[in-house]
Amino acid sequence: MILTVTLNTALDITYRVRNLTPHTSHRVTEVTERPGGKGLNVARVLAALGHEATVTGFVGGTTGRVLREQLSRTTGVVDALLPIAGTTRRTVAVVDATGDTTQLNEPGPAVTPAEWSAFQEAYEHLLADASAVALCGSLPQGVPVGAYAGLVRAARTANVPVLLDTSGEPLRRGVAARPDVVKPNAEELAELTGSHEPFRAARDARRRGAHAVVASLGAEGQLAHTAEGHWRATPPRRLRGNPTGAGDSAVAGLLSGLVERLPWPERLARAVALSAATVLAPVAGEFDRAVYEELVGQVRVTGEASAA
Ligand SMILES: O=P(O)(O)OC[C@@]1(O)O[C@H](CO)[C@@H](O)[C@@H]1O
């Protein structure tokens, strides 16, 4: 199975409104509620691609109960979440008629030292059955800032390829622990390296420890800097919609491509097509399959393999 870690799970609420105007009140035209947090979205997309996915992280309180109940109805995703005393957060995405999205993310529960050590033990057991692992999203309060660095090291010790998708100081420390892949967006990459030129910044992130860097460049696609070469993948057309979860679908594309041993250009094409197809789906963790299948063969990948 492919393991995804979401330490700060969330019940994702999506509100549709006609227009979003700050400092005014709004009538919501549609509400959806889904189990969320980045790794849960990654797992749903992996399952839809035919991979067995197991999710772990923390869950608790009333929102946690709703999240688990909905997750149990998701085919292909195994729930290995750890119950805690705190309450799982909610996130709210407000989507207007043009698809523009405003995101409000609660900070999440406080995790106790005992809960954090129980998680680390459970994670090491799960790694024994994993073909790859993704570490995704923000950290809840109480989890140390170097948490991902430790989880990367444990995956490397267990010989399980590890992808890291986070930001800020947890990303900086995680990169230094030498993950197989990091997937920052352009802003996160610039914050990590100080460079606003994505290719140079990706090269710098590799020097800091990541074996491969895949930077998402929004509607412009993705860029990969790896030991095997460097490539740029561009979608055939710009799609407008709700971008929440597009990065998570890219992670699912990269991870599935890794375990299927696809060459990098094919992995990137899959990741870019899945991201684009997610923008057209109403909520994170879902994608429009017909659009994905149409786009995957049309993604333009340029670049070159390194000399052997
Ligand atoms: O606060 P984080 O952990 O960085 O991100 C959480 C989140 O906004 O990311 C997903 C979309 O990528 C949503 O499902 C989720 O609620």
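The second largest pocket of this predicted model is lined by Pro161, Asp180, Val181, His211, Ala212, Thr226, Ala227, Glu228, Leu258, Trp264 and Arg267, where a pocket is an open set of points, on a 1 Å grid over the protein atoms alone, with protein on both sides within 12 Å along at least five of seven lines, and lining residues have an atom within 4 Å of a point. About 180 Å³ of space lies in this second largest pocket, a volume being the space filled by probe spheres set on the points, with grid points joined across faces, edges and corners. Its lining divides into 6 nonpolar, 2 polar and 3 charged residues, with Ala, Val, Leu, Ile, Met, Phe, Trp, Tyr, Cys and Pro counted as nonpolar, Asp, Glu, Lys and Arg as charged, and the others, Gly among them, as polar.

Residues are numbered from 1 along each chain as its sequence is written, and side-chain values use heavy atoms, without hydrogens and water. As the model is predicted, local features need pLDDT of at least 70 and side-chain atom pairs count only at pLDDT 80 or more, whereas totals for chains, interfaces and linings use all residues.

The largest pocket has a volume of about 1200 Å³, and of the 46 residues that line it, Pro243, Thr244, Gly245, Ala246 and Gly247 are the closest to its centre. Its lining comprises 11 nonpolar, 24 polar and 11 charged residues.

The ligand sits in this largest pocket, in the sense that more than half of its atoms lie within 2 Å of the grid points of the pocket. Around the ligand there are 13 residues, of which Asp12, Lys38, Asn41, Ser138 and Asp248 are the closest, a residue being included if one of its heavy atoms lies within 4 Å of the ligand. This shell has no nonpolar, 9 polar and 4 charged residues. Among the polar contacts (pairs of N or O atoms within 3.5 Å; within protein, one must be able to donate a hydrogen and the other to accept it, and residues adjacent in sequence count only if both atoms are side-chain atoms), an N or O atom in the side chain of Ser138 is 2.9 Å from an oxygen atom of the ligand. A polar side-chain atom of Thr91 lies 3.1 Å from a ligand oxygen atom, while for Gly37 a backbone N or O atom lies 3.4 Å from an oxygen atom of the ligand.

Terms used: On a 1 Å grid over the protein atoms alone, a cavity is a set of points where a 1.4 Å probe fits but cannot get out, and a pocket is an open set with protein on both sides within 12 Å along at least five of seven lines; lining residues have an atom within 4 Å of a point.
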